[in-house]
Each structure stands twice: as structure tokens, then as C-alpha cells.
Amino acid sequence: MANHHAHAVLPDEPEKATLEGKNKVLGFWLFLGGETVLFGSLFATFIALRDQANGGPTSQALFDMNLVAVATLLLLTSSMTSVMATLALHRKDLKKIQLWLTITVILGLGFLALEIYEFVHYVNEGLKMSTSAFSSAFYTLVGFHGAHVAFGICWITLLQLSATKKGLTVVTAPKFYLACLYWHFIDVVWVFIFTVVYLMGMIGGKVG
Amino acid sequence: MSAHASHAPNRSGLWDYLTTVDHKKIAILYLIAGGIFFLAGGLEALLIRLQLMYPEIELVGAKTFNELITMHGTTMIFLAVMPIIFALMNAIVPLQIGARDVAFPFVNALGFWLFFFGGVLLNTSWFLGGAPDAGWTSYTTLALNQYSGRGVDFYVLGLQIAGLGTLIGGINFLVTIINMRAPGMTFMRMPMFTWTSFITSGLILFAFPAITVGLVLLMFDRLFGGNFFNPDAGGNVVIWEHLFWIFGHPEVYILILPAFGVISEVVSTFSRKRLFGYSSMVFATALIGFLGFMVWAHHMFTTGLGAIANTLFGLATMLIAVPTGIKIFNWLLTMWGGQIRFPTANLFAVGFIPTFTIGGMTGVMLAVPPADYQYHDSYFVVAHFHYVIVGGLVFGLFSGLYYWWPKMFGKMLNETIGKWNFWTFFIGFHLTFFPQHFLGLMGMPRRVFTYLKDQNLDMGNFISTIGAFGMTIGTILFVINVVVAAKSSKRAPADPWDGRSLEWAIPSPPPEYNFVQTPLVRGLDALWVEKMAGNKGMTPAEPIGDIHMPSPSFLPFLMSLGLFVAGYGFIYHNYVVVVIGILATLSCMFTRSVKDDPGYHIHEDELEEKGVKA
Ligand code: HEM
Ligand SMILES: [Cu+2]
């Protein structure tokens, strides 16, 4: 099994061609299951505390939908480009994988920049970590997601660099596949954040 | 052939263990570390009992008492019994499914070192200004800065690091069991211990993220001025209780299910019968695992969730008694009409059954919400959970250790010492905890460092402390037994108990590749099937050939060390240290991801002869 490496012709679905690859894909899905519980707990905490502004700024007073809409657009587009990368992986086309992932990373960086701008802005408006239970819950949930985005950017970039040397093999293919899966996952989480934190935060007070 | 190194790396002694990725050696590491923490937790327990031996004495004082109960509970649950369970799982599960290895050997090593460094971090608090003192449940607001010292920071960071290790360990076992089973080893042919390890790993995967979040929030409150649990700023303390018990209740099933697995193996081997009701056992295990997630609020009846919620959670809790009862009857029916033998392993297994049943019954009593208002936070609860955790889990672990010691170490434990071990521990256990039911009913609260004279509490407490000495003697006898076994030159046979499952088909201790040839599994109790067919060993499923092995690595140790260092940085608000620690960990991850591990091969002619045969 483990013997045919780089020089052999790349099999179909190269990410699952070896037992190692299969293990990685399954392990990663399970890991995402754990991450779901993690974000679920953060969401539950946020929902419980979202109206506890403690005299500080409320979500209604702060949120700027235009900014969030642009950020959402960037991230959702990057989700699509990561799917394109996966499709290219199944066509075993390294050049296209690299291209789509580069776009994904750039979009991710744009998202991150907007988020940092947003946080700085809120702090200037008087919403600090220690302002209220709402502020703690907000920065923790959204910040956790942001940290995931930042980690994903580093991971994918690293992978791209090392793949320029190693090429597309049964060893690197699962890594590409998982990175795309991960990126997809944090996009899905963002859809929930957009709904629960921002949309519900704009309406305010009624739901939850 | 491609770029594989063809020679096994030559490593020995300490360096071997610091870099190993072999699941059997990792099992030994878990056992040693867990064993040491068990002794530490035991010492703490002894001090607690000495303080409570007579009314109104000042042996350790209130502050130290709080630290002792906190560290005792935390140590026992997270740093003693969990790792010993992981030791057995690592040693046995791959063998029982006929695998050469686990799915992620590197991650396996990383899991161990994270647990180890987390535990060490937590315990250094004793020497660095005081241990955590807010109880092992660390309820807020008590655990916030106003009321608790730096100790709780150690709790938060130590458990966070150790918990990460447990989580990745759980994922590793799930993938191993799903993907690495030998040909013919269908799910419904898996030994019960593997089944319970599987469900336990699933529970770990879904329970540990909840405590991860809880610990992060507590850390933010304590270190960065967060307000999650600060009612003055809109925070809500019940959130901590929910997060803690969403993890904490499944955690008690994470602990008990592997013990159920051990009991199933031991009872069936020593009755010379297949396990009665195997498929109902599997079903009951899965059902317990599922229900384990539905009942956490029975720890919160008195927080004012309301009558409806209390009723629902109470009923769901009592439901667990049904699959648990199925298991108990199946063990009894396995013994029924069997040719029973009673070596120490089986003594512990049989002692487990009534003891655990009592614990389960007090559990159902506690699950009646109005009655729980009476029992809650009294010594009755202490009696209940020790009946299940010590009388259940620890008995199960002793049983498993006596049963699998020869497989793990190639040496038999001495039966005479073993029997003394059992009886002192068993009698000591009941002396310690049985009176505590009555102490609780008579009004003794838990977590108080002393009590008044002449309130009818003197006698019960005194007996309880005497019992604790009995358990101590039992534990010391076990340590002596281990030393005696290590010194003896007699080697254990491959199959000392006339076993039924695959681990007994290979030499004791197994060679590093486990099976020379992957075995072909032809039924439940795979080895027994072959024995009944008159075969000397398993039928191989593949020709003899070179075996690919993963290379050892020092990175798991270094990665965990990085987080350990960063932990101190957080505790002492020194962010330079935090950055250094995290960077160390990240650069190890970086190294690991760019440098592929080609592993090495063990060549056909280097394989030991014995292989798949018994
Ligand atoms: C039929 C099975 C069981 C039932 C019905 C049950 C029920 C309960 C209830 C209602 C409580 C809360 C009491 C209170 O704080 O007022 C409790 C506490 C506890 N139970 Fe169980 N239980 C069962 C099995 C187990 C098992 C198998 C374990 C461990 C292996 C366990 C460990 C604990 C622990 C550690 C606590 C105390 C937690 C604390 O507050 O420190 N229980 N149980
Ligand atoms: Cu519970």
C-alpha cells in the first residue's frame, strides 16, 4: 500500500488512495464534529448573553450592515474558490489548484482585514472585552472564528509553498483536500454568525 | 523501492520513550504517569480523611482542605483514571482488532505528552503559591478572581492542555477502530472492550469541546477582564454549570464504559463461555452513550431550572438504569453455568457487579428531583459517586490490569499478593464509603473541613477514615506486586488465561509490529473460534512480507512543552513567555507538516518467527 509514491501515476481521488489518506480524511471529519460542538457552545453562550449590555453599547447601536455584508461576500466567494480547488484536485491539475487557492487566501485576507477594522472601530466606540457580558461573548465568538480564518490562511499558504516543491502526490493530495474542507467549514460557521450575531443583533431583543 | 529508510532507528532507554510512537509503549507511558497521579490523588484523599477522622480537629486547616478536595477530584478524574483507561485502550484495542498500529501514531504520542504536561502544570500549583481551591467543578463565581487565588488559573490552563490531548486521543481511536480492523473483523465481531472504547471515544469527541469552551470563558474572565460569569456586568453563572455538566455527565460514562468492557472480557474468559447477549450488550452500550448526553441537568436540579425541566431530566436520567440493568443481567447470565475460575482479575470483576449496582441505585434515588433537594451537596452524593467511580471504574481498572498485565509486560502478576490486594481494597472501600450514605442522610454537608462533636457524625467519619487506610494498603500491595513481577525472571506465556480474543494470539509482550501476518477473523471471539476448530493459531490473511513502520519523533514532546511554557506565561501575565511557547509549538507543527515521514521497513527476515500463532 504505502509503497507506490510520487513517481507512480496518480490514482483517482488521490486524497483517499492510501490508508493514510483515508485515515486523515475520516479523522478530519470527526475533528470537524468536535469543532461543531465547540462553536455550538460558543453560540449558546452568546445567545444567552447577547442582551446583557451592562450600560455599554448594544449590538443595535454598533453594527454596520454594509461592512458585514462585504465581509460575508468575500468569505462566501472564497468558499466557492476553495470548491474549485477541490474540483481541480480531482482533475489532478496542480496549477489550477494553486491558482484557486491563491484567490481563496487573498479573499480570506480581505475578510480578516475587515474584521480587524471592525473590532478596532468597536473598541473606539467604547465596546471593550470588559465592558459587558455581551461584549465578552461577542468578541469571543467572532474572534474565535477570526482566529480560525487566520489559521486557515497560514495553513493553506504553507501547503501551497511546500507543494511547489513536492508536486501533487498521494501524500500532498489529502492535505489539499482537508485544507479545503476546513475552509468550507469556517464559511459555514460564518453563515451562522452572520445570522445569529448580526441579523438577529440588528433586530434586537426579540429572539433568543 | 522508494526513499524509505530500511533500518529500524536505534533508540533505547529514556530517549526511546521520549520519542516513541508505538502504541504499546505509549500505553506504558500512560500507565506510569496515570499511576503516579493516582498515588498523588490517593495521598490527597488520605489527608482529607485524616482531617475528618475526629470532630473539630485542625490537621490541615480550612484553606488547605479546600485545595485538597479540589486537587483530589481533579487529579483522580482527569489525571489518574482517564490516562489509565487510555493505557488499556492503547495497549489492547489495536491487538483486539488485528491491527499493526493505530491510525495516527504521531498524534497518539502528542496526545500523551499534552496530557502529561497539562497534569504537571496543574500540580506545580502546590509549589507556586497554592493549588486551586474552588472544587473540581470550579463553580463560578467562587472560581473568579474575587474569591479564588491563582490556583484556579493553573486549573484552567492545566486542564485545557490535558483536555486537548484527550480529544485527539479519542479521534485517533475512532479512526483506528473504523478503518484498521483486520479482514473479517466486522463491527458485530468486535470484542466488547473495543466496542466500549469506541463509544467512549465518540463521547470524548462530543463532550470535551464543551469543557474546552468553558475553560476558555473562565480564563477570559480571570485573565482578560471578561464578564461571562460576572453577574454585576450582566454575566450568568449558570452558563458555567451547563457547560461543565454538558461535558461532566458524559465524562462519567466516558469513564465507566471502558470498565464495562473490561468486565465483559474478564467475566466471559473466566467463565469459559461467550458473553451472554453480545448484541444486546453492544446496543446497551450505545444507548448509554446516547442517553449520557441527555441528562446533564440532573446535576443542576437545585439551580432553579423549573419543575418541567427537572422532571424531564430526572426521567431521562432514570432511563439510563435500563440499559445498565441489561448489562448487569448479561454478566450474571454469562457466569451462570460457566466453568468459573477466580484469579484476581475475576475477583475484581465479580466484586464490581454488586458494588456498581448499589451506586446505580443511589443514582436513581438522586435522580428524583424533590428528593435531590434533600441529598444535594450532602455526603450522600459523595457516597454515590464513589460507589460508581471507585467501586465501578477503579475495580474495573484493577481487573483489567491483572488480566492484561502479562500481555503488556510479558510478566505475570503474583496471585497471592493479588488476592490480598483485592480483599484489602474491597473491604476498605466499603468501610470508607458505605457509612457516608448515612452521614449524608444525617445532614453532613460535603466540602466542609470539620464538624461538631456529638451530632452522631463521629462514628461514621471514624469508620470511613479506617476504611481509607484499607484502600491505601490495597494500593501499596499492587505497587509491590508490580515490583515483584518486574524482578521475576519468569516470562508470561502468550495466552495465560485460555483467552478468546485476538490479543492472546500473539506473543507477550507483542513485537513492535503486533502481527507478523494480519489475521483472518472468522467469528466473534476470533481466537476461540480457531481453538474450537482445532487450529493452533489464527489463519493469516496475507503472505509474509516487509512491514512498514512510522518513525519515532521528538516533536510531540516539544510541541507539548511549548504549550506548557505558554501556560505559565498566561498564568503570570507574561506575554513574552506566551509568545515564545506558542511559537515553539507552531514551529514544531510547521516542521511536521513540511517534512513527510517516510517511516522505515522491518524486513521479512528480521521478523520474529512466532507471529500469528498462539
Ligand atoms: C444509573 C446510573 C446513574 C444515575 C441515575 C446517576 C445520578 C446522579 C445524580 C442525579 C447526581 C447529582 C446529585 C447531586 O449533585 O445532587 C449524580 C452525581 C454524580 N454522579 Fe451519578 N448517576 C449514575 C451513574 C454514575 C456513574 C456511572 C458515574 C461515574 C462513573 C457517576 C458519577 C457521578 C459523580 C462524579 C457525581 C457528582 C458530581 C459532583 O457534583 O461532584 N454517576 N449522579
Ligand atoms: Cu450525571
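Modeller: A residue is counted as near a molecule if one of its heavy atoms lies within 4 Å of it. In this predicted model, 22 residues are around ligand 1, and Asp372(B), His376(B), His384(B), Phe385(B) and Arg446(B) come nearest. Residues are numbered from 1 along each chain as its sequence is written, chains are lettered from A and ligands numbered from 1 in the order in which they are written. Local features need pLDDT of at least 70, side-chain atom pairs count only at pLDDT 80 or more, while totals for chains, interfaces and linings use all residues, and side-chain values use heavy atoms, with hydrogens and water left out.

Colleague: Which side chains have an N or O atom 2.6 Å or 2.7 Å from an oxygen atom of ligand 1?

Modeller: A polar contact is a pair of N or O atoms within 3.5 Å; within protein, one must be able to donate a hydrogen and the other to accept it, and residues adjacent in sequence count only if both atoms are side-chain atoms. Here the side chain of Asp372(B) has such an atom 2.6 Å from an oxygen atom of ligand 1, and for Arg446(B) the distance to an oxygen atom of the ligand is 2.7 Å. The shell around ligand 1 receives two or more residues each from α7, α11 (344-366) and α13 of chain B; helices are DSSP runs (H or I, at least four residues), numbered from the N terminus.

Colleague: What is the protein donor of the iron atom of ligand 1?

Modeller: Donors are N, O and S atoms within 2.8 Å of the metal (3.2 Å for Na, K and Ca); water is not among the atoms, so sites may look incomplete. The only protein donor of this iron atom is NE2 of His384(B), at 2.2 Å. His384(B) belongs to helix α13 (residues 379-409) of chain B. The copper ion, ligand 2, is 4.5 Å from the iron atom.

Colleague: How many cavities of 30 Å³ or more are there?

Modeller: Rolling a probe the size of a water molecule over the atoms shows where empty space is left. On a 1 Å grid over the protein atoms alone, a cavity is a set of points where a 1.4 Å probe fits but cannot get out, and lining residues have an atom within 4 Å of a point. Grid points are joined across faces, edges and corners, and a volume is the space filled by probe spheres set on the points. The count is five, and the largest cavity has a volume of about 140 Å³. Of its 14 lining residues, the closest to its centre are Met192(B), Glu265(B), Ser268(B), Leu275(B) and Asp525(B). Helix α7 (residues 237-271) of chain B gives the largest share of that lining, four residues.

Conventions. 1 Å grid on protein atoms, 1.4 Å probe; cavity = no way out; pocket = protein on both sides within 12 Å on 5 of 7 lines; lining within 4 Å.
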